[in-house]
Amino acid sequence: MDLKKKHETDWENLSISNDFLFGKIMQDAELCKELLQIILPELDIDHVEYPEAQKSIRLDVDAKSIRLDVYVKDAKSTVYNIEMQATDTPDIPKRSRYYQSMVDLQLLDRGDVSYTKLNRSYIIFICTFDLFHQGRHIYTFENYCKEDKRIALGDDTVKIFLNAAGEMDDVSKQLKAFLDYVAGKRPDDAYIEKLENAVSEAKRNREWRHEYMTLHMRDQLNIEKGIEQGIEQGIEQGTMQMITNALRATHCVKHTAEILDLTEQKVRRIAEEKELQVDD
């Protein structure tokens, strides 16, 4: 199967746990608002503004850019960044820290001297796995005093990690239904019905399909290029080590070149780089 046909097949098989598809579906402000209300029932979210799928944030030419799945704010200017995470990598907690810092920098205009403009913000990771291995469906982090947990820092930042593989009875029926849906199940729930219809509709969107295939073909080519470069670097490193070992045994550039069937120039260069005491 060629790369194009493979990605066409992938597109047809995508579920809500795919970050690209999730980001596109969350462009529907009502679906996005309802999901946030399910995750954060204690809040009164009247509406969300300017849903942006895969929002890119880059501060300058030297900064690492990030691409956010969903980035919205509500009527109170509370900011929400929602990320769908299907791959268990050890850097997720620190990635949440980096996303938080980038979001904060977007909230301040150049020249602002007051940090009161930093709105309350939520960084939410929806994971298909249990990041903390405790069986919970939800892990919520805020900043508190280590010596006295009654004292909150009050920096208005919250990080939430949802776990679709949770086992505890620790969340609402609606949130459990959503996380089951992320895990590939099909619970009987009104919101899930809306999401299912949105997924089916999204797969008929030719523009999104083309964008998905273009992005993933590019990513695949970049991966293949990286593998090729890694192999080349590995071969080069192996060759350097082989020459170094031979020079330490022979102490002679010419003899080493003859044994390894290499040019004396290349062997001499390695000897100089490694600062080896050898004869020509």
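Q: What should be known before reading any value?
A: This is a predicted model, in which local features need pLDDT of at least 70 and side-chain atom pairs count only at pLDDT 80 or more, while totals for chains, interfaces and linings use all residues. Residues are numbered from 1 along each chain as its sequence is written, and side-chain values use heavy atoms, with hydrogens and water left out.

Q: How is the span of helix H4 checked, and what are its end C-alpha atoms apart?
A: Helices (H or I, at least four residues) and strands (E, at least two) are DSSP runs, numbered from the N terminus. The expected span of a helix is 1.5 Å times one less than its number of residues. Helix H4 covers residues 92–107, and its 16 residues should span 22 Å. The end C-alpha atoms of H4 are 23 Å apart, which agrees.

Q: Which residues of H4 are buried?
A: An α-helix has 3.6 residues a turn, so residues three or four places apart point the same way. Buried means under 20% relative accessible area, exposed over 50%, and partly exposed in between (1.4 Å probe, protein chains only). In H4 the buried residues are Ile92, Arg95, Ser96, Tyr99, Gln100, Met102, Val103, Asp104 and Leu107.

Q: How many aromatic pairs does a search of the whole structure find?
A: A pair of aromatic rings is described by the distance of the centres and the angle of the planes. Rings of Phe, Tyr and Trp (its six-membered ring) pair if their centres lie within 6.5 Å; planes under 30 degrees apart count as stacked, over 60 as edge-to-face and the rest as tilted. The search of the whole structure finds 10 aromatic pairs. One of them is Trp11 with Tyr212: the ring centres are 5.3 Å apart and the planes are at 45 degrees, so the pair is tilted.

Q: Where do Trp11 and Tyr212 lie?
A: Trp11 lies in helix H1 (residues 3–13) and Tyr212 in helix H7 (residues 206–250), so the pair ties together parts that are 201 residues apart in sequence. Trp11 is buried, with a relative accessible area of 0%, and Tyr212 is buried at 3%.

Q: What does Tyr212 form with Phe20?
A: Phe20 and Tyr212 form a tilted aromatic pair, 5.5 Å centre to centre with 55 degrees between the planes. Phe20 lies in helix H2 (residues 19–25) and Tyr212 in helix H7, so this pair ties together parts that are 192 residues apart in sequence. Both Phe20 and Tyr212 are buried.

Q: Which residues form one aromatic cluster?
A: The cluster is formed by Tyr99, Phe125, Phe132, Tyr139, Phe141 and Phe161. Tyr99 is one of the buried residues of H4.

Q: Where is Ser77, and what is its phi?
A: Ser77 lies in the loop between strand S2 (66–74) and strand S3 (79–85). Its phi is near 65 degrees, a positive value in a residue other than glycine. Ser77 is partly exposed, with a relative accessible area of 28%.

Q: What is the phi of His251?
A: Phi of His251 is near 60 degrees, a positive value in a residue other than glycine. His251 is found in the loop between H7 and H8, and at 42% relative accessibility it counts as partly exposed.

Q: How many residues apart along the chain are Lys254 and Asp280?
A: Lys254 and Asp280 are 26 residues apart along the chain, and their C-alpha atoms are separated by 5.9 Å. Lys254 lies in helix H8 (residues 253–260) and is partly exposed at 43% relative accessibility.
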